[in-house]
Amino acid sequence: MQPMRRRERQIELPEIKAIIEQCKVMHIAMNDQPFPYVVPTNYGYEWQDDTLILYSHGARQGKKRTLIANDPHVCVEIDGGATLMAAGQNAPHYSAAYQSVIGFGIAELVDDVAVKRHALDLLMQHETGRQLDAFDALPDHKIQGVGVIKITLTEFSGKAHHLPMPEQ
């Protein structure tokens, strides 16, 4: 990964993990012709040591799945939104406070029912704070009908521009 230009805004793994936990939408960029294709989606996730694995769900067919089947290389972006940092009449000093994570990895279309169930459990935990088994039972044939994408990030970084601390 190319070194970050504004190194003072680079964040470390604990803050990256907090962003992944707090945010609810990731943007997946896939290779298409003549332009990249980007789609927002909710996600579940897990850490395996320092490797981030993300799961998304949706239909079992469609453009996103076709593009991944053709080329599994993806870029993922997750951000916590932005807050305008005003600078009065001095336009060049306006900025934004933000936090984001960008990663590159390999996407897989999941067929295994057990892996799909695990992915949906992680997704529900992230979105609702409740495990999948806290909801009405989902039989395997319902799980099989869901399209699940697993993304293993091979590299990622985080960046933040924090609001200044108020003066005391």
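Me: Which residue is the bridge partner of I106 in β8?
Reply: This is a predicted model. Strand β7 covers residues 95–110. It pairs with β8 in the antiparallel sense. The bridge partner of I106 in β8 is T152.

Me: How many bridges join strand β5 to β8?
Reply: Strand β5 spans residues 51–58. It runs antiparallel to β8. One of its residues, G58, stands opposite G147 in β8. The number of bridges joining β5 to β8 is six.

Me: How many of the 15 residues of strand β8 are buried?
Reply: Strand β8 runs over residues 147–161. Buried means under 20% relative accessible area. Strand β8 is largely enclosed by the rest of the structure, because its count of buried residues is 11 of 15.

Me: Does L67 count as buried or exposed?
Reply: L67 lies in helix α2, residues 63–70. Its relative accessibility is 8%. The cut-off for buried is under 20%. L67 therefore counts as buried.

Me: What is the C-alpha to C-alpha distance between L67 and Y37?
Reply: L67 and Y37 are 30 residues apart in sequence. Yet L67 touches Y37, along with M30, N31 and D32, not counting residues up to four places away in sequence. From C-alpha to C-alpha, L67 and Y37 are apart in space by 8.7 Å.

How values were computed: Residues are numbered from 1 along each chain as its sequence is written. This is a predicted model: local features need pLDDT of at least 70, side-chain atom pairs count only at pLDDT 80 or more; totals for chains, interfaces and linings use all residues. Side-chain values use heavy atoms; hydrogens and water are left out. Helices (H or I, at least four residues) and strands (E, at least two) are DSSP runs, numbered from the N terminus. Buried means under 20% relative accessible area, exposed over 50%, partly exposed in between (1.4 Å probe, protein chains only). Contact means heavy atoms within 4.5 Å. Two strands pair if DSSP finds at least two bridges between them.
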